[in-house]
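Here is a short briefing on a protein chain, intended to be read with the coordinates open alongside it.

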Amino acid sequence: MIPGKNDTVEKNDSPKEKYGSFALFDIEHFLRRVLRNWYWFVLMLFIGYSLAWVYGKYYAQNIYASNLSLSISNNTASYFTPNQSINFIWGQGGNQDGVYLKKMLLSRSHNEFLVKELDLFVNYSTKGVIKSTYLDKDDSPVFLQVDNKHGQQINYPITLIPKGNKSYEVILPEEGESNSLYSYEAEGFITIDPFERPANKIIKVGEWYTSPNLRFKLVQNPIVPKIKLENIIVKLSTVNQAVNDIVSSIGVEFDKEINTIMIITKSGYNLNSTVNFLNMSVSQLQKKRLADKITVDKNTDVYLQGNLDKVRKKLDSSANVLNYMKTSEKLYDIKDRDEKSLTKIKDLEAKKADLESKITSLNQIRQSLEAQNFEKMISTTAAGFQDGLFTASVSELKALYLKRREMALIYKSNSEPMREINRLIDEAKLNSNGALRNYYTGYNTEINKINQEVNSANADLATYPEKQRKYLDAERGYNMIEATYNSLLGRQNETQMRMASNQSDISVIDPAKNVGQPAIGPNVKGTKAAIIGGLLILPLLFILIGSFLDSKIRNIKELLSATRIPLLGVIGNNTNDNMLTVLNQPKSSVSEAFRGIRANVRFLSGENGGSKVILITSSVGGEGKTYISINLASVLGLSDKKTILLGMDLRKPKIFGDFKIDNKYGISNYLTGEVEMDQIINKTNISNLDVATSGPIPPNPSELLMSERNIKFIEELKKIYDFIIIDSPPVGLVADSYELMKYSDANIYVVRHEYTEKYMLKMITEKYHKGEISHLGIVYNDYNVKQGYGYGYGYGYGYGYGYFDEDKHYKEPLLIRIRNKVQSIFNKK
């Protein structure tokens, strides 16, 4: 039986089923293409590994990080820390001093101070054959000191080559000179006239180098670097750029268990640079915080001493009055004194005196704020409270006033920047005044409560005689003044003790240190994997896109599944120079495949198993329809069947060339009546095979093929020959073959491997399943047996291991040899 025929004879069992539709993506073909193009993956793997190695060796700049941990004393924030952000975020709670200090560490002003103080706008590196390495300042044998009053070209590599005897050659780039220079004094750009590139020059340490775009001198590093450098590359940056780079590389976190412990992280290309920066930054911060505390404490001590002097006078006066009443009025021994009530009143009035003293200090703080006299501010401890957020608000206000004075030199008073800074000042004043109002309210509320309690206690003293009440009032007045004096004295003692033992409220727990920390970035392994993976994906992507766009027939299973047309046979690749494979290589696998087709063709016709007229067509030219026609006719002729091959593809004659027949007269001449039938029939080397060529190309081939004369011509030949093989025109181009199929006993449709387009099979498939064409079979042509895959029916698409001529030079694929070797090992007994 014919393979696949049982699957196609019942054409109407599923009327809604669509035939001729192929899958959009053929996973099997995709995998075959991947395996077939294995060498591209090997090549990409090699290239990817090479690029990854070069990247890791020469281009990847390691990023390092160092940490410093410190402890912050609670409630010691200073008004006057000069290096703080003017963008403090309000409303922070909890660890107020820690949040404030974090803002300060990340502030522009603090880091700008460090940049200017430590010349951090000068960047050092050295360059090897390919890779540049960033240096810490101490790694360089010399430092570059710029002239702040001279314009400098930034981001302009200055190469220093050691020449011995403390001399260095200054080499500037071949191009890139700019007349836009940066002034470190004005912190802005200036423009100069165009100039030519400065020549290279050798200078000694301490000697000034001067050019239109640079002015600097070299200073000897007091520390001898451990590594001898062949070159030092120096680049200058603006102060703003250096500050931004530093701020973006700093991270500040608080310990999860103890929120007064702060962990500061600095990242950078050089580990020593990060270590040195953190230690310098915190050291400078400690000094400034200590100086600020001393200033505030001195102001507070002076303020408290002034108040003590005033209260002391009041206390002395009150004591004199009290003593006079005791001696003159003899009231020092009052009988039946209510000591309990008097003691209560004394305690309450002592508290009231302390609160009033605190309110007086609040007034002093408020007056200093309103007068913008920040240098005379006293500590909030004099007013009885310690508030980090209020302290920060005062610092914010001070920085904003300073900023406004600077901006007033540049902007007009009604400009947008000035309006914005005024808005920020109003907001900061509102916050600071709001905090003071809260304390005023709290103190006054407590005083009102005390007054109520005192009034209640006074009711118990209403029964005393007038003189005794006067004495008691004088005694109470003295006690209040004494309580105020003691309160001020106590606060002065605290202030003087702080001044005597003053130290920074920032204590370093673990300083930053180079302990050989590994790099934190970049992710070299990940980047290498991405490079290799990306290159490996490229061929896979191309194959995938090619598979989606590929519309060629490449899979026999898919072909039969989509068309449901019987498969007559599979023809391998023709290695001959001509089409006469069966005649020239009778023992080849291809010839055997044609014999299989000859055997299967008889199943297409139900007429006593004998097919007389066999029509061969295809979708378009080039699919091997003529090749199949010639060799099928040759097989029939060699099997003692009288056969004639008709070249009815009148538009593109081919048959005559391989049989070496003159095409002067052919079927076209006969159909026009120019010659008789016996004049167009030619003998061949096969005794039972005749050939009628197409003849000259006529102007009306379709009319000739559909003519009554052609039908009679075929009927006459059926009387003479056992088999008539018609090489007809391709149905994808013209409809001639469809008409000729009405008179054929069997129809062969040729599909060429990796050539025939899938969409071309739609029409022939639909006609077959609608019953418009019958007795149709497919021949799969030009199948490449070396691909190592097949359909599975055994029709001429595999070698016979010594049976066919091709086996003389046949070599099994590597995978097949490996498989056979493994099987032989496991099959051993």
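The points below concern a predicted model and are grouped by topic.

**Nonpolar cores**
- The largest nonpolar core comprises 52 residues, and those with the most contacts inside it are L70, L101, L144, I158, L160, F216 and I264.
- Helix α6, spanning residues 271–328, gives the most to this core, contributing five residues.
- Apart from this core lies another one of 44 residues, which includes I556, L567, L615 and L717.
- Once its neighbours within four places in sequence are set aside, F216 is in contact with L144, Q145, V146, I158, V170, I203, E207, W208 and Y209.

**An open antiparallel sheet**
- Four strands, in the order β13-β14-β1-β15, form an open sheet in which the pairing is antiparallel.
- Because β13 (250–254) and β15 (506–510) stand at the edges with a single partner strand each, one side of each is left without a neighbour in the sheet.
- On average, and with direction ignored, neighbouring strands of this sheet are turned by 30 degrees against each other.
- Strand β1 (residues 64–72) is joined to strand β14 (residues 261–268) by eight bridges, the two running antiparallel.
- L70, one of the residues with the most contacts inside the largest core, has M262 as its bridge partner in β14.

**Annotated spans**
- An unreviewed UniProt entry carries the annotation "transmembrane region" for residues 38–56 and 529–549.
- In the model, residues 38–56 are 100% helix and 0% strand, with the end C-alpha atoms 27 Å apart.
- Residues 529–549 are likewise 100% helix and 0% strand, and the end C-alpha atoms of this span lie 29 Å apart.

Note on methods:
Residues numbered from 1 in each chain as written. Predicted model: local features only at pLDDT ≥ 70, side-chain atom pairs only at ≥ 80, totals over all residues. Heavy atoms only, no water. Core = buried A, V, L, I, M, F, W, Y, C linked by side-chain atoms within 4.5 Å. Buried < 20%, exposed > 50% of the residue type's maximum accessible area, 1.4 Å probe, protein only. Contact = heavy atoms within 4.5 Å. Pairing = 2+ DSSP bridges. Axes fitted to C-alpha atoms, helices over the stretch in contact; angles between N-to-C directions. UniProt positions renumbered as here; feature names shortened; annotations may be inferred.
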